[in-house]
Amino acid sequence: MSITLPILLSATAIAALWIAKCLNILREYERAVVFRLGRLLPHDKGPGLVLIPWPIDTMVRVSFRVVTWEVPPQDIITRDNVSLKVNAVVYFRVVDATKSVVAVENFRFAVEQAAQTGLRTVLGEVELDDLLSQRDKLNERLQTILDEHTEPWGIKVTQVQVKQVDLPQDMQRAIAAQAEAERERRAKIIAATGEFQAAAKLAEAAAVLSREPAAITLRYLQTLIEIGVEKNTTIVFPLPLDLLGGLAVRLGGSGAPAALAVPTSPHASAAPVSAPAGNGARV
């Protein structure tokens with residue numbers, strides 16, 4: 001009896017340990033790939049309580065959560081021979097637990113190596129301007145290439161983002177000078193366009209005034225209103241240029257100085273004469 005009790009206790013302890021080894025609890029995001037005597041079972045198990053009769057069956061836990069991996073800075077030579085360092089971020093997850101265990105030895109290491117190689121290959125085929133301005137297209141292309149490589153492993157690459165581009169100092173200065181020259185070019189084009197539009201509007205206004213002689217009189221009255229807003233001692237009288245032209249011709253014929261001659265223009269109709277209050281009028 002004294003010998004049977006220790007044996008029974010030992011057997012009970014061994015059975016308890018074996019049952020604890022066989023019972024496995026898998027979380028919601030975990031699956032178990034089971035091998036029976038080295039042969040793969042057709043379906044994975046989980047989540048919840050899973051019974052694995054060890055050592056006949058063995059299992060490998062696989063997580064279905066998204067893995068975020070930062071690609072180390074890679075030395076890239078672009079299509080236009082610019083050397084720079086680029087790093088990126090890759091998001092991937094397991095969609096087929098069986099393939100991720102059977103088809104590849106270490107799926108995470110394989111995805112990391114494929115991401116580094118794909119990053120150097122894709123960015124080496126584009127120019128620097130495209131790399132800086134078309135990141136969305138490059139990200140989609142990288143994702144497509146990595147997804148094609150990792151699909152046989154049961155891995156889905158959900159997103160690839162080019163994180164940072166480190167440019168040499170001389171290239172940064174060249175880009176800054178180019179940007180400044182581009183801004184100056186745009187400013188000159190805008191100023192020239194404004195001058196062209198202003199000249200066109202002035203030509204239209206001159207054509208309207210030439211067709212409607214009364215319009216210049218309304219313009220004179222508006223100018224008088226604007227001048228009369230402030231307190232001043234200047235009085236402005238509109239004077240037709242035709243009258244000044246006839247006066248200049250008469251004075252020129254009588255030997256007056258030539259400086260008093262005023263050329264007559266068919267499009268000019270009047271000129272202002274100003275004189276301070278209390279003094280004589282001045283032309």
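How many bridges join strand S2 (residues 30–36) to S3? Two bridges join these strands, which run antiparallel. The model is predicted. The points below cover the open sheet, the nonpolar cores, a nonpolar surface patch and the salt bridges.

**Open sheet**

- Three strands make up an open sheet in the order S3-S2-S5, and their pairing is antiparallel.
- Strand S3 (39–40) and strand S5 (57–63) are the edge strands, each pairing on one side only.
- Across the pairing of S2 with S3, Phe35 stands opposite Leu40 in S3.

**Nonpolar cores**

- The largest nonpolar core contains 35 residues, and Leu84, Val86, Val90 and Leu131 are those with the most contacts inside it.
- At least two residues of this core come from each of S2, strand S6 (67–77), strand S7 (83–94), helix H3 (107–123), helix H4 (128–133), helix H5 (135–150) and strand S8 (155–166).
- H3 gives the most to this core, with seven residues.
- Val86, with neighbours within four places in sequence left aside, is in contact with Pro72, Pro73, Gln74, Ile76, Leu119, Leu123, Leu131, Val162, Gln164 and Val165.
- Another core lies apart from the largest one and has six residues, among them Leu26, Ala32, Val34 and Ile52.

**Nonpolar surface patch**

- On the surface, a nonpolar patch is formed by Trp18, Ile19, Leu23, Ile25, Leu49, Leu51 and Trp54, which together have about 750 Å² of accessible area.
- Helix H1 (4–22), strand S1 (23–26) and strand S4 (48–51) each contribute at least two residues to the nonpolar patch.
- Leu51, one of the patch residues, lies in strand S4.
- Leu51 counts as exposed because its relative accessibility is 52%, and the cut-off for exposed is over 50%.

**Salt bridges**

- Side chains of opposite charge can pair when their charged atoms come close.
- The whole structure has 11 salt bridges.
- Arg27, Glu30 and Arg61 are linked in a network of salt bridges.

- Which residue forms a salt bridge with Arg185? The partner of Arg185 is Glu182, and their closest N and O atoms are 2.4 Å apart.
- Arg185 and Glu182 are three residues apart in helix H6, so about one helical turn separates them.
- Arg185 is partly exposed, at a relative accessible area of 42%, and Glu182 is also partly exposed, at 28%.
- Glu182 also meets Arg186 in a salt bridge through their side chains, at 3.2 Å from N to O.
- Arg186 and Glu182 are four residues apart in helix H6, so this pair too is separated by about one helical turn.
- Arg186 is exposed, with 51% relative accessible area.
- Further along in numbering, Glu204 forms a salt bridge with Lys201, where the closest N and O atoms are 3.9 Å apart.
- About one helical turn separates Glu204 and Lys201, because they are three residues apart in helix H6.
- Glu204 is partly exposed, with a relative accessible area of 45%, whereas Lys201 is exposed, at 55%.

Key
Residues are numbered from 1 along each chain as its sequence is written. This is a predicted model: local features need pLDDT of at least 70, side-chain atom pairs count only at pLDDT 80 or more; totals for chains, interfaces and linings use all residues. Side-chain values use heavy atoms; hydrogens and water are left out. Patches are made of residues with over 30% relative accessible area and no salt bridge: like charges are joined within 9 Å, nonpolar side chains (Val, Leu, Ile, Met, Phe, Trp, Tyr) within 5 Å. Accessible areas come from the Shrake-Rupley method with a 1.4 Å probe; for residues, only the protein chains shown count as cover. A salt bridge is a side-chain nitrogen of Lys or Arg within 4 Å of a carboxyl oxygen of Asp or Glu. Buried means under 20% relative accessible area, exposed over 50%, partly exposed in between (1.4 Å probe, protein chains only). Two strands pair if DSSP finds at least two bridges between them. A nonpolar core is a set of buried Ala, Val, Leu, Ile, Met, Phe, Trp, Tyr and Cys residues joined through side-chain atoms within 4.5 Å. Contact means heavy atoms within 4.5 Å.
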